[in-house]
Number of protein chains: 2
Amino acid sequence: MKKPLILVTNDDGINAAGIKALIEVASEFGDIVVVAPDSPQSGMGHAVTLSNPIRLHEVDLFEGIAAYECTGTPVDCVKLAKNILLKDREVALCVSGINHGSNASINIIYSGTMSAAMEASLEGIPSIGFSLLDYAYNANFEPSKPFVRTLIQHVLEHGMEHGTLWNVNIPKLPEGQIKGIKVCRQANANWEEEFVEAFDPRGQKYYWMTGNFVNKDTGEDTDIQALRDGYVSVVPSMHDLTNYKAIQSLKGLNAF
Amino acid sequence: MKKPLILVTNDDGINAAGIKALIEVASEFGDIVVVAPDSPQSGMGHAVTLSNPIRLHEVDLFEGIAAYECTGTPVDCVKLAKNILLKDREVALCVSGINHGSNASINIIYSGTMSAAMEASLEGIPSIGFSLLDYAYNANFEPSKPFVRTLIQHVLEHGMEHGTLWNVNIPKLPEGQIKGIKVCRQANANWEEEFVEAFDPRGQKYYWMTGNFVNKDTGEDTDIQALRDGYVSVVPSMHDLTNYKAIQSLKGLNAF
């Protein structure tokens with residue numbers, strides 16, 4: 001049987017430990033092509049490079065695996081992979097990550113990792129973004145691997161509804177202490193920003209963005225709660241942002 | 001009566017004609033504060049600046065109106081406005097645009113204009129992103145103004161459901177030929193990318209992204225159809241990306 005083709009990407013850059021762990025698991029299932037940014041791109045959201053050229057270089061980083069570093073954003077990586085490198089091939093699955101740090105709740109909006117996964121889903125490719133709740137450069141991805149394996153296998157066997165992607169977050173727990181997988185909704189949480197003021201050597205003021213993640217959503221069915229309880233959270237997500245309920249209440253606007 | 005405070009931003013940059021038109025209409029209704037990028041930021045999506053300092057400079061561009069240009073992304077502009085400039089004031093409305101070019105359908109995902117509007121809605125501010133279907137630098141925004149006026153007035157009078165923002169697109173038609181306003185859903189359309197290959201003076205290959213917008217959604221209730229029919233489209237949108245229908249069909253995953 002022909003092996004499925006799996007596209008691997010991320011936003012922490014092609015040298016991150018998280019993508020190496022993801023490649024190790026994904027390569028158990030199929031032929032792998034890696035296209036990832038040549039430098040960290042966290043917080044890049046769904047940015048695309050319109051006003052600058054984009055470059056793509058083949059690299060020899062993962063034994064026996066075709067890998068390319070890209071000067072563009074995570075979304076650029078997926079677009080280049082689909083339209084240049086894999087133009088005439090059917091991509092069975094796109095996996096993005098494993099992100100160093102949470103992409104639960106509203107982080108899906110800001111995350112380059114999740115935006116890359118969303119771009120793949122827009123292109124009709126079943127797609128999963130994986131994140132570990134550990135920002136450390138040397139985070140331990142070993143306890144994540146069994147869950148990454150289970151979820152990849154599930155999608156390859158059962159497919160994924162068109163227009164859907166999965167936002168998967170994994171608690172920072174030792175091997176054996178993760179309790180299982182929970183399918184959840186996105187918690188209605190948010191960042192409360194603070195800006196640190198400072199002055200450059202020429203006396204000009206600048207700001208550094210920082211912030212606190214605040215969850216006021218007390219629901220038991222959210223990704224944040226599942227992670228707190230020691231579960232891997234899976235939020236089936238989509239790119240249709242229409243608020244269908246609100247359409248009804250706004251029908252009066254049609255009179256104008 | 002105290003005038004409402006209205007935050008104005010965009011992604012085409014503070015010198016664009018579209019933001020000037022928006023300021024002209026918004027200032028009929030309230031006190032205006034403008035915070036916009038110091039250079040064009042189209043296609044920036046929901047990117048935030050995490051690894052670089054951000055600067056904010058007061059500028060004297062619009063008579064009698066407080067205006068600031070920002071070195072960051074459109075989302076940075078909203079975060080800085082809310083957390084630094086307007087820290088202790090209640091913002092009644094955020095308006096973003098008027099964008100030079102369509103943000104209908106899937107463009108909401110890529111657009112800095114719409115991401116700025118979404119960021120405001122995340123902060124609890126009623127929020128509207130306006131776009132004119134004319135990419136030209138010298139686009140004529142006069143025919144848009146009556147509709148911008150109607151929609152701003154509606155939100156100031158009736159409020160907006162929490163967590164919602166409006167994606168408003170305006171057809172490129174002469175004054176008097178726009179037929180009215182239609183409340184719609186986001187069309188299920190997409191970009192089919194092409195990459196133009198070229199070589200730099202050192203013989204290194206690079207790519208320019210380009211593409212064609214393809215709509216395969218034949219529904220009569222979409223924003224694309226409303227615009228084709230000569231209407232202003234209003235899509236009530238949201239930042240909860242959960243695919244609630246898919247949650248049910250994935251319950252089996254909870255067994256792992």
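V8(A) stands opposite V95(A), a residue of strand β5 of chain A. The model in which this pair is found is a predicted one. The report starts from the strand pairing around this position, then turns to the chain as a whole and to the contact between the two chains.

**Strand β1 of chain A**

Which strands does β1(A) pair with? One of them is β5 (residues 93–100) of chain A, in the parallel sense and over 4 bridges. Another is strand β2 (residues 31–37) of chain A, which runs parallel to β1(A) and is joined to it by 4 bridges. In that pairing, I6(A) is set opposite I32(A) of β2(A). Helix α1 (residues 17–26) of chain A belongs with these two strands: β1(A), α1 and β2(A) make a right-handed β-α-β unit.

**Strand β7 of chain B**

In chain B, strand β7 (residues 164–170) is mostly covered, with 6 of its 7 residues buried. Strand β6 (residues 127–132) of chain B pairs with β7(B) in the parallel sense, over 5 bridges. Within this pairing, L132(B) has I170(B) as its bridge partner. Together with helix α5 (residues 145–158) of chain B, the strands β6(B) and β7(B) make a left-handed β-α-β unit. β7(B) also pairs with strand β11 (residues 231–238) of chain B, here in the antiparallel sense and over 6 bridges. The partner of N167(B) in β11(B) is V235(B).

**Backbone details**

| Position | Feature | Value |
|---|---|---|
| G97(A) to I98(A) | cis peptide bond | omega near -15° |
| G97(B) to I98(B) | cis peptide bond | omega about -15° |
| S105(A) | positive phi, not a glycine | about 55° |
| S105(B) | positive phi, not a glycine | about 55° |

I98(A) lies in strand β5 of chain A, and I98(B) lies in strand β5 (residues 93–100) of chain B. S105(A) is placed in the loop between β5 and α3 (107–110) of chain A. Is S105(A) buried or exposed? A residue counts as buried when 20 or more other C-beta atoms lie within 10 Å of its own. S105(A) has 27 of them within 10 Å, so it is buried. S105(B) is in the loop between β5 and α3 (107–110) of chain B, and with 27 C-beta neighbours inside 10 Å it counts as buried.

**Chain A as a whole**

Chain A has 7 helices and 11 strands. Its radius of gyration is 19 Å, close to the 18 Å given by the globule rule for 256 residues, so chain A is as compact as a globular protein of that length. The C-alpha trace spans about 55 × 50 × 50 Å along its principal axes. Of the 256 residues of chain A, 52% count as buried. Among contacts between residues at least 6 apart in sequence, 78% join residues at least 24 apart.

**The two chains together**

How are the two chains related? Chain A is superposed on chain B by a rotation of 180° with 0.0 Å of shift along the axis, at an RMSD of 0.0 Å. This is the relation of a two-fold axis. The same surface serves both copies, as 100% of the contact residues of chain A recur in chain B.

The contact takes 60 residues from chain A and 60 residues from chain B. On the side of chain A that touches chain B, strand β11 (residues 231–238) of chain A gives the most, with 5 residues. The residues on that side divide into 32 nonpolar, 19 polar and 9 charged.

Notes: Residues are numbered from 1 along each chain as its sequence is written. Chains are lettered from A and ligands numbered from 1 in the order in which they are written. This is a predicted model: local features need pLDDT of at least 70, side-chain atom pairs count only at pLDDT 80 or more; totals for chains, interfaces and linings use all residues. Two residues are in contact if their C-beta atoms, placed from the backbone, lie within 7 Å. Ala, Val, Leu, Ile, Met, Phe, Trp, Tyr, Cys and Pro count as nonpolar, Asp, Glu, Lys and Arg as charged, and the others, Gly among them, as polar. The radius of gyration is taken over C-alpha atoms; the globule rule is 2.2 Å times the number of residues to the power 0.38. A residue is buried if 20 or more other C-beta atoms lie within 10 Å of its own, exposed if 12 or fewer, and partly exposed in between; C-beta atoms are placed from the backbone. Copies are superposed by least squares on the C-alpha atoms of residues with pLDDT of at least 70 in both. Two strands pair if DSSP finds at least two bridges between them. A crossover is right-handed if, with the strands pointing away from the viewer, the path from the first strand over the helix to the second runs clockwise.
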